[in-house]
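Visitor: I have a structure open here and would like to walk through it with you. Could you take my questions one at a time?

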Amino acid sequence: TERSAVSDGLTGLFNHAYFLQALRQEVLRSKRHGLKAALILLDLDDFKRVNDVRGHVEGDRVLMKAAAIVRDGVREIDVAARYGGEEFAVLLPDTSRLGAFVVAERIRRKIEERFARARTPVTISGGIAVFPRDGDSPTMLLRAADQALYVSKTEGKKAKAKPPADQLK
């Protein structure tokens, strides 16, 4: 009962409210101990197309499978959440930008591989922010990660138009 109160019913990941609380606590802990903490925001690319072409039941299946990949791609101390719609957030305590990049890239690659043969392929884009460099409050970190996600999505769409060798989205 306690777990269901803080979990997203569809994906089983933590819910938005729990995530925000965990982010606030981690920022305070990181300030107190002089640690880094990383935040990753992930967004399924063109997800509306999946729902439009394949239907919402298939869209829900894609969300559940993507959430499982996110969950399996993080450590026990990390907090993986459904941030909203087709967005996921991952809080990585005591983690540098490089460490967050490794986690985000692993998740991106696994999602791309998992859905490569689907009738409607699915990819994911991500943005990273690290405490304290990118912000010293939860709000600042969320804004920085969201801005990085926006850049990632924009660059990814450009890459689809004329694909370079190995573009990271």
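Visitor: Which residue of E3 is the bridge partner of Val 79?

Guide: Happy to start there, with the reminder that this is a predicted model. Strand E2 covers residues 79–84, and five bridges join E2 to strand E3, residues 87–93, with the two running antiparallel. Within E3, Val 79 has as its bridge partner Leu 91.

Visitor: Which residue in the hairpin of E2 and E3 takes a positive phi?

Guide: The hairpin has two residues between its strands.

Visitor: Is strand E2 largely enclosed or largely open, and how many of its six residues are buried?

Guide: The cut-off for buried is under 20% relative accessible area. By that count E2 is largely enclosed by the rest of the structure, because the number of its six residues that are buried is five.

Visitor: In what order do the four strands form the sheet?

Guide: The sheet is open and its pairing is antiparallel. E2 and E4 stand at the edges with a single partner strand each, so one side of each lacks a neighbour in the sheet. The twist from one strand to the next averages 20 degrees. Written out, the order is E2-E3-E1-E4.

Visitor: How many bridges join E1 to E4?

Guide: E1 has E3 on one side and E4 on the other in the sheet order E2-E3-E1-E4. With E3, E1 pairs in the antiparallel sense over seven bridges, and bridge partners there include Ala 37 with Pro 93 and Leu 39 with Leu 91. E4 spans residues 124–131 and also runs antiparallel to E1, and the bridges joining them number eight.

Visitor: Which residues of E1 are buried on each side?

Guide: In a regular strand, side chains alternate between the two faces of the sheet. Eight of the eight residues of E1 are buried, so this strand is largely enclosed by the rest of the structure. One side holds Ala 37, Leu 39, Leu 41 and Asp 43, and the other holds Ala 38, Ile 40, Leu 42 and Leu 44.

Visitor: What separates the C-alpha atoms of Asp 43 and Ser 125?

Guide: Ser 125 of E4 is the bridge partner of Asp 43. Leaving aside residues up to four places away in sequence, Asp 43 touches Glu 86, Glu 87, Thr 123, Ile 124, Ser 125, Leu 149 and Lys 153. Asp 43 and Ser 125 are 82 residues apart along the chain, while their C-alpha atoms are separated by 5.4 Å.

Visitor: And Asn 51: what relative accessible area does this residue have?

Guide: Asn 51 has its place in helix H3, residues 47–54. Not counting residues up to four places away in sequence, Asn 51 touches His 56 and Gly 59. Asn 51 is classed as buried because its relative accessible area is 16%.

Visitor: How do H4 and H5 pack, and how do the residues of their contact divide?

Guide: Helix H4, residues 56–72, and helix H5, residues 97–115, pack at an angle of about 140 degrees with their axes 9 Å apart, in a right-handed crossing. H4 brings Val 62, Lys 65, Ala 66, Ile 69 and Val 70 to the contact, while H5 brings Ile 107, Lys 110, Ile 111, Arg 114 and Phe 115. By type, these residues divide into seven nonpolar, no polar and three charged.

Visitor: In what order do the elements of the protein chain run?

Guide: The protein chain has six helices and four strands. Read from the N terminus on, they run α-α-β-α-α-β-β-α-β-α.

Visitor: Last one: what radius of gyration does the protein chain have?

Guide: Its C-alpha atoms fill a box of roughly 50 × 45 × 25 Å along the principal axes, and buried residues make up 45% of the 169 residues. Among contacts with a separation of 6 or more, 69% come from residues 24 or more positions apart. A compact globule with 169 residues would have a radius of gyration near 15 Å, and in agreement with this the protein chain has 16 Å.

Terms used:
Residues are numbered from 1 along each chain as its sequence is written. This is a predicted model: local features need pLDDT of at least 70, side-chain atom pairs count only at pLDDT 80 or more; totals for chains, interfaces and linings use all residues. Side-chain values use heavy atoms; hydrogens and water are left out. Buried means under 20% relative accessible area, exposed over 50%, partly exposed in between (1.4 Å probe, protein chains only). Two strands pair if DSSP finds at least two bridges between them. Axes are lines fitted to C-alpha atoms, for helices over the stretch in contact, and angles run from 0 to 180 degrees between N-to-C directions. A crossing is left-handed if the near helix is turned anticlockwise from the far one by less than a right angle, and right-handed if clockwise. Contact means heavy atoms within 4.5 Å. Ala, Val, Leu, Ile, Met, Phe, Trp, Tyr, Cys and Pro count as nonpolar, Asp, Glu, Lys and Arg as charged, and the others, Gly among them, as polar. The radius of gyration is taken over C-alpha atoms; the globule rule is 2.2 Å times the number of residues to the power 0.38.
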